[in-house]
Structures are given as C-alpha cells and as structure tokens.
Amino acid sequence: MSNRADFSEDRFSVYENNVKTSFSFLIEDYGFVLSSIERADNNSITLKYFSEKVFVIFYYGSPGFELDFCVGRISIEDQPDTYGFNSYDLLCLSNDSRWFDYKLYSAHSYENLITCIPKLADLLKVLGSNCLKGDSFYFEKVFFDKKRRISQWGKEQTLKQARNAASEAWKNKDYKKFIKVFEPITEYLSVSERNKIEYARKQL
C-alpha cells in the first residue's frame, strides 16, 4: 500500500469519520459514549470513549501516524504513572491464526487509513470483548502478560549487554572483569559460558 500523504481532504476528519464508523460497536454493543474529540494544532486528533467501567482512547498524529488504541479501566489505568493496553498486548494473548500477520500500521496515506482502521476495529471487537465488558479477571490477565514480556525483555537486554562486556574482557584476558560481569547472572548462562568462568577463576 502507498504511504504517501495523498489526502484529498483533512486527514484528521477522515480519521475521525472512519473511527466513528468502524468502532460504532463500542456504542451499539457495549454502551460506550463518545466523550470528546480533541485536536492539537492540526498535528493530532484524539477520540475518547467511555462506558461505566472502561475507557478506549484513539490517538492519531505526528510523527508516526500509527493506528492503535488504548484500553483501560476508569479510576485504575487512567491514574498517573499507569497505562492501558494496546493492540499488541491483545495479540500477544491470542492464538487465533487470523491475527498472526497483523502489525501496527502507520497511515500516512488515505488508502492506508481507510483500509487499516476497519482491521483495527475487528481486532478489538474479537480479541478485546471481555475487556470492553469490564471483566477485571481478563484485564489482570492482559496486564500480567504485559509485565511478564517487559520483564523478559529487560532480562534479555541485560544478558545481551553482559555478554558483550564479557566477550571484550575475555578477548583482553581481563579475567577479573569477566568474572565480575558474568557471576551475577550465572543461572542464565550456557554451559560453555559457565566453564569459562571456572577457567577465568584459575587464572587469577
């Protein structure tokens, strides 16, 4: 699909109208109300939907013009330093093959915008139904998985950085530094890396 800015009309009006149409099920099926529509200096637009328990926020604007949503519980995920979940968080919990090829779309072109918003709506409608109903158990399930992935990502980054530092120390025969870097994360190392720690200790 083209990603050129080939809009024949205001891109934010196109976005607003398509969100209202594609996500009309929020109002019709779940009792949401479109609470506000906010524009910021012709750089972005935000639509906020609220039910008794849940909010759904749509943001579209510079620099990325990505198409996504944010879902959370009123008085919980709308508090300072808290965050709702997005399409990626729902996808991570799904085993439905229909969504395996889904990705977060950037819509700089009219074609992308009118094509991808309905896809995003289908995703929320199918995978987010329990949360849209305000099911606290499912919310906790989504956020537990999100925290697990963030923690796993953090461990992977730490391990990657440690391996780079240890590799440099090993190359320089700085065995003291090699041990210092690897000892705190021994449980995550391979057998060969653990053997290197033992070898390094014998060189001191």
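**Note on the strands, cores and aromatic pairs of a predicted model**

1. Strand 3 and strand 5 (residues 69–73) run antiparallel and are joined by five bridges. The structure is a predicted model, and every remark below applies to that model. Within this pairing, Ile57 stands opposite Cys70 in strand 5.

2. Strand 3 also pairs with strand 2 (residues 44–50), again in the antiparallel sense, over seven bridges. These two strands form a hairpin, with three residues between them. Here Ile57 of strand 3 has Lys48 opposite.

3. The largest nonpolar core has 41 residues. The members that touch the most others are Tyr15, Phe23, Leu26, Val56, Phe58 and Leu124. Helix 4 (residues 110–127) supplies the largest share of this core, eight residues. In soluble globular proteins, nonpolar side chains tend to be buried together.

4. Which residues does Val56 contact, once its neighbours within four places in sequence are left aside? They are Leu26, Phe32, Leu47, Lys48, Tyr49, Phe69, Cys70, Val71, Leu124 and Leu132. Among them, Leu26 and Leu124 are listed with Val56 as core members that touch the most others.

5. How many disulfides does a search of the whole structure find? The search finds zero. A disulfide is a covalent bond between the sulfur atoms of two cysteines. For Cys116, the closest cysteine sulfur is in Cys92, at 19 Å, which is too far for a bond. Cys116 has 1% relative accessibility and therefore counts as buried. Cys131 is likewise in no disulfide, and the nearest cysteine sulfur, in Cys70, is 12 Å away. Cys131 counts as buried because its relative accessibility is 0%.

6. The search for aromatic pairs finds 16 in the whole structure. One of them is formed by Phe25 and Tyr30: the ring centres are 6.4 Å apart and the planes are at 75°, so this pair is edge-to-face. Both residues are buried. Phe25 and Tyr30 also belong to one aromatic cluster with Phe23, Tyr49 and Phe58. Of these, Phe23 and Phe58 are among the residues listed above for the largest core.

7. Trp170 and Phe178 form a tilted aromatic pair, 5.0 Å from centre to centre and with 55° between the planes. Are the two partners buried or partly exposed? Trp170 is partly exposed, because its relative accessible area is 25%. Phe178 counts as buried, because its relative accessibility is 2%.

8. Two charged side chains lie over aromatic rings. Lys196 lies over the face of Trp170, at 4.9 Å from the ring centre, so that the description of Trp170 includes both this contact and its pair with Phe178. The charged end of Arg11 sits over the ring of Phe65, 4.5 Å from the centre of that ring.

Key:
Residues are numbered from 1 along each chain as its sequence is written. This is a predicted model: local features need pLDDT of at least 70, side-chain atom pairs count only at pLDDT 80 or more; totals for chains, interfaces and linings use all residues. Side-chain values use heavy atoms; hydrogens and water are left out. A nonpolar core is a set of buried Ala, Val, Leu, Ile, Met, Phe, Trp, Tyr and Cys residues joined through side-chain atoms within 4.5 Å. Buried means under 20% relative accessible area, exposed over 50%, partly exposed in between (1.4 Å probe, protein chains only). Helices (H or I, at least four residues) and strands (E, at least two) are DSSP runs, numbered from the N terminus. Contact means heavy atoms within 4.5 Å. A disulfide is a pair of cysteine sulfur atoms within 2.5 Å. Two strands pair if DSSP finds at least two bridges between them. Rings of Phe, Tyr and Trp (its six-membered ring) pair if their centres lie within 6.5 Å; planes under 30 degrees apart count as stacked, over 60 as edge-to-face and the rest as tilted. A charge sits over a ring if NZ of Lys or CZ of Arg is within 6 Å of the ring centre and within 35 degrees of the ring normal.
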